[in-house]
Amino acid sequence: MTRAISLHDVSKAYTRDARVVDRLSLDIAPGEFLVLLGPSGCGKSTVLRMIAGLEDIDEGRLFLDGEYGNDLPPSERDMAMVFQNFALYPSMTSRDNIGFPLRIEAPHADPAPRVDATARMLGIEDLLDRFPGQLSGGERQRVAMGRAIARHPSAFLMDEPLSNLDAKLRNHLRAEIARLTRELGVTTVYVTHDQAEAMSLGDRVAVLRGGVLQQVGSPRAVYSLPENVFVAAFIGTPRINLLRGLVRAPLDGAMTISLGKQFLRLPEPLSLDHQLLRVQQGREVIVGLRSEAVRIAGPAAARTGEVALTGLVEHLEFQGHEVLVHFNTGSRPALVPELEAPRPAPDRPARRRREGGTVLERLRERAGALRAGPVVTPDAPARPDPASAFASASAEPRVPGDFIVRTTPDIRLRHGMQVPLLVDLAHLFVFDQYGRRICPSPDRLPDLEE
Ligand SMILES: Nc1ncnc2c1ncn2[C@@H]1O[C@H](COP(=O)(O)OP(=O)(O)OP(=O)(O)O)[C@@H](O)[C@H]1O
Ligand SMILES: [Mg+2]
């Protein structure tokens, strides 16, 4: 039997001053493969351990198949966990390791038929008589999976089970986990910080940041309509280009988004989404352009909806089938603090940005920002403003190659070349200064096949 797992406003704090999981609500359907994705320390393992019953739930409720389950001991939850550090008993063969939980559950039953069936499923029949010390990392992980599968649990809880393995083996086992869980039809909650893994495995992906759920949806939905800039930046390779922009909407002229030295002129008649940007007139926004939204071509080649920019080639990343070109477009990148590599400190004193709008407007914005999470203001103050979401690189030495475009390896480019670019505005994302998506409009119904 497979089970439904529901979390209602679940919170957890290890110390009095900070919640590591904050009012998390999630409904996981029977047989679903849900991936919990987020950066290190965001609370993924804590959530998994609360579902398993290995960690107490401080606030909120857990339901297993609709029944209140907060106080159910782990042994009665009928779930199998697979960890990153596949702890096998070193003095037992693979056969005994896989059979061990079966012997505990049913001391008088012969575990052999189930162990053999599981080994066949995983293709590890040859390894059954070996000890863990005689197995490679990948083989050990397969035996650990076998131990979870043989029990026929009603849910699998997997905590970064592949992160100790090399890339090739990881891809191989990833496909195997997808196949096995589909065949078994067992509800699976899978924790990872690797977005590619999350996207390739999950029926749905739940993105966590600092213990707060940012978005949950199909891989397609979280990629195509990220609710905020954190999700947009966390999902997708190469990373979405995030630039600071300023909306200009004169009454008698074309609407533009200024990117510092260049601007995007929104084509007329304005689409509904672009019309809605008018209210941002004079405000700082964050422009998000995934690499597929930009191509290298001159203005003469522009199709409807494409506008021209230029970029200076700063770095070329040869990937074999494609090249990632890092351009300098003279714009200021918007940085999402948790996702940035350490950067050099600003060389001029930080200055606090003045907030615009009425007090009520500012309060509303701050309330909204809580969901998107804390962000950092432009001109990077030493202490991040708890209500704001981004750091701007304006006060820092210029970040080389602020804008990444994918291209085929046959295009000949050299460092220092000024290259014409075309931006497809149908793929334009705009986020407000707190990181919430404002374009495409959050109210728009996604035209996605879910
Ligand atoms: N037993 C504990 N006591 C105190 N703090 C803890 C404990 N376990 C975890 N934490 C803290 O809670 C936060 C969330 O930890 P958790 O292990 O859930 O993160 P995670 O998302 O799984 O991270 P990673 O990807 O690095 O495994 C971290 O800041 C961690 O330091
Ligand atoms: Mg963890």
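Two strands pair if DSSP finds at least two bridges between them. Helices (H or I, at least four residues) and strands (E, at least two) are DSSP runs, numbered from the N terminus. With those terms set, E306 has D424 in β21 as its bridge partner.

This is a predicted model: local features need pLDDT of at least 70, side-chain atom pairs count only at pLDDT 80 or more, and totals for chains, interfaces and linings use all residues. Residues are numbered from 1 along each chain as its sequence is written, while chains are lettered from A and ligands numbered from 1 in the order in which they are written.

**Five-stranded sheet**

- The strand order is β15-β21-β16-β17-β20, in an open sheet with antiparallel pairing.
- β15 (294-296) and β20 (403-407) are the edges; each has a single partner strand, so one side of each lacks a neighbour in the sheet.
- From one strand to the next, the twist averages 45 degrees.
- Seven bridges link β16 (residues 306-318) to β21 (residues 418-424), in the antiparallel sense.

**Four-stranded sheet**

- A further open sheet has four strands, ordered β2-β1-β4-β5 and paired antiparallel.
- Its edge strands, β2 (18-28) and β5 (67-68), each pair on one side only.
- β1 (residues 5-15) and β4 (residues 59-64) are antiparallel and share five bridges.
- Within β4, F63 stands opposite S6.

- Five of the five residues of β3 (residues 33-37) are buried (20 or more other C-beta atoms within 10 Å of the residue's own, with C-beta atoms placed from the backbone; exposed means 12 or fewer, and partly exposed lies in between).
- In a regular strand the side chains alternate between the two faces of the sheet.
- In β3, F33, V35 and L37 point one way, and L34 and L36 point the other way.
- β8 (residues 187-192) runs parallel to β3, joined by five bridges; F33 has T188 as its bridge partner there.
- β9 (residues 204-209) also pairs with β3 in the parallel sense, over four bridges; here L36 is partnered by A206.

**Helix α1**

- K44, T46, V47, L48, M50 and I51 are the buried residues of α1 (residues 44-52).

**Packing of α3 and α4**

- The axes of α3 and α4 lie 9 Å apart, at an angle of about 130 degrees (axes are lines fitted to C-alpha atoms, for helices over the stretch in contact, and angles run from 0 to 180 degrees between N-to-C directions).
- The two helices, α3 and α4, are therefore oblique to each other (under 35 degrees is roughly parallel, over 145 roughly antiparallel, 65 to 115 roughly perpendicular, and the rest oblique).
- R114, V115, T118, A119, M121 and L122 of α3 meet R142, M145, G146, I149 and A150 of α4; contact requires C-beta atoms, placed from the backbone, within 7 Å.
- Residues of this contact divide into seven nonpolar, two polar and two charged (nonpolar: Ala, Val, Leu, Ile, Met, Phe, Trp, Tyr, Cys and Pro; charged: Asp, Glu, Lys and Arg; polar: the others, Gly among them).

**Residue L128**

- L128 sits in the loop between α3 (112-122) and α4 (137-150).
- Why does L128 count as partly exposed? The reason is its 19 C-beta neighbours inside 10 Å.
- Leaving aside residues up to four places away in sequence, L128 touches T93, S94, R95 and A119.
- D116 is 12 residues from L128 along the chain, and their C-alpha atoms are 8.8 Å apart.

Notes: Two residues are in contact if their C-beta atoms, placed from the backbone, lie within 7 Å.
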